[in-house]
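Hi there,

Here is the structure I promised to pass on to you. Please have a look at it first, and then read my notes below.

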Amino acid sequence: MTLVLSNDDVRELLPVPVYIESMEAAYRHWGRQNALVQPRIDMYSPSPERRSSYVFKTMTGLIPDDDLVALRINSDIITWQEKSGSLRKEKVPSAQGDRWVGLVLLFDMVSGELIAILPDGIMQQSRVAATTAVAAKYLARPDSARLAVVGSGGQAEAAILAMSAAMPSISSIDVWSPTEHNRNGLVKRCVDSGLNARVAASAEEAVVGADVVVTATNSLEPVIESSWVSPGAFVACVKSVELGRELLTDADRVILHARPLDPVNYIVGQGDAAIHGTDPVDKLFGESLSRTGVDDIVADLAETCPVLADVLLDDSLGGRSPDDRIVFLNPMGTGLQFAAVGRALYLAAKESGRGHELPGDWFSEDIQC
């Protein structure tokens with residue numbers, strides 16, 4: 001049988017600590033060369049509409065000890081528009097019912113069968129946050145008390161929950177985003193769940209004096225400045241450009257969640273050669289849109305900096321001086337993360353009876369391919 005889950009199922013099946021435990025175990029597997037990851041591939045077909053494109057994205061991860069392979073697929077209409085004075089990436093809900101299309105397929109390595117189909121929404125937010133939380137657990141100061149979050153969407157909320165679970169020392173949370181309704185709503189949900197959270201007056205007010213800083217936005221320009229970040233702070237992002245060139249070069253240490261840090265892109269009309277980089281808007285539309293690119297810095301960091309798996313397997317890499325500003329780059333997902341979380345969700349769903357089962361022979365065939 002093939003199990004089909006909804007985002008509601010996913011939301012209710014696993015507590016946050018299980019996401020963190022699953023991610024840490026997966027990165028240890030990867031560090032021991034007991035896992036495989038196929039880099040993310042994005043295929044672009046520019047739309048006649050200005051600054052819009054159809055994007056088909058895939059990433060794959062395999063963990064032999066779990067007998068599981070995960071394939072994540074996104075079929076998106078994406079626009080890049082000016083908002084609140086900066087360039088922002090927006091996924092358009094163009095599917096029937098104003099919805100998005102993102103799926104994770106889980107395959108059993110013993111039988112080869114498709115064992116589960118899951119939406120990627122909650123998984124996406126939770127696996128990013130859990131990965132950052134694992135890094136903070138080993139790289140942030142153990143006495144870190146104040147968390148600053150720039151952003152107010154699903155990624156930001158997941159980050160708050162994961163950081164609070166991984167670091168019990170966190171006692172206050174400052175949130176800022178340019179969208180007043182969203183930042184107020186996020187803080188209210190945090191307060192309602194028992195967290196000591198407040199809305200900051202600006203990104204600068206949120207970040208100055210914080211022990212841990214997480215940026216989780218859809219901006220393609222810096223959202224914080226290096227001068228705001230205190231000595232000893234741990235800083236994490238979901239896009240390298242959110243941090244800007246100065247902080248990336250000023251940081252005492254930079255740790256990568258994975259290598260490489262950018263997807264492999266292919267664009268209709270631009271030949272078969274791979275184009276490396278996140279959100280290649282200049283190449284897509286033939287106009288200079290990225291005003292503060294960091295691709296050159298990121299390329300250098302990808303060659304020289306340790307990755308999270310190294311930190312988990314080598315205690316010496318987790319050490320730090322009290323005033324070290326440590327940056328954790330978590331800008332591009334991997335199929336490994338979806339394999340780890342997918343397995344935990346599948347086992348929890350089978351145990352609890354959640355989801356719907358479809359005949360397995362709908363997804364297999366009697367002809368050898």
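**What I found**

Asp-98 is exposed, with a relative accessible area of 60%. Keep in mind that this is a predicted model. You will find Asp-98 in the loop between β5 (86-92) and β6 (101-108), and its phi is near 55 degrees, a positive value in a residue other than glycine. Most residues other than glycine have a negative phi, and most peptide bonds are trans.

Gln-33 is another non-glycine residue with a positive phi, about 60 degrees. Gln-33 sits in the loop between α2 (16-31) and β2 (36-46) and is exposed, with a relative accessible area of 74%.

The backbone also has a cis peptide bond, from Arg-259 to Pro-260, with omega near 10 degrees. Pro-260 belongs to the loop between β13 (253-256) and β14 (264-267).

Now to a pair of helices. The axes of α3 (residues 121-139) and α4 (residues 154-166) come within 8 Å and cross at roughly 40 degrees, so the two helices are oblique to each other. The crossing of α3 past α4 is right-handed. Residues in this contact divide into ten nonpolar, six polar and no charged. Among them are Val-128, Ala-129 and Ala-133 in α3, and Ala-158, Ala-162 and Met-163 in α4.

At 1.5 Å a residue, α3 should span 27 Å, and its end C-alpha atoms are 28 Å apart, which agrees.

Best wishes

Terms used:
Residues are numbered from 1 along each chain as its sequence is written. This is a predicted model: local features need pLDDT of at least 70, side-chain atom pairs count only at pLDDT 80 or more; totals for chains, interfaces and linings use all residues. Side-chain values use heavy atoms; hydrogens and water are left out. Axes are lines fitted to C-alpha atoms, for helices over the stretch in contact, and angles run from 0 to 180 degrees between N-to-C directions. Helices (H or I, at least four residues) and strands (E, at least two) are DSSP runs, numbered from the N terminus. Angles under 35 degrees count as roughly parallel, over 145 as roughly antiparallel, 65 to 115 as roughly perpendicular and the rest as oblique. A crossing is left-handed if the near helix is turned anticlockwise from the far one by less than a right angle, and right-handed if clockwise. Contact means heavy atoms within 4.5 Å. Ala, Val, Leu, Ile, Met, Phe, Trp, Tyr, Cys and Pro count as nonpolar, Asp, Glu, Lys and Arg as charged, and the others, Gly among them, as polar. The expected span of a helix is 1.5 Å times one less than its number of residues. Buried means under 20% relative accessible area, exposed over 50%, partly exposed in between (1.4 Å probe, protein chains only).
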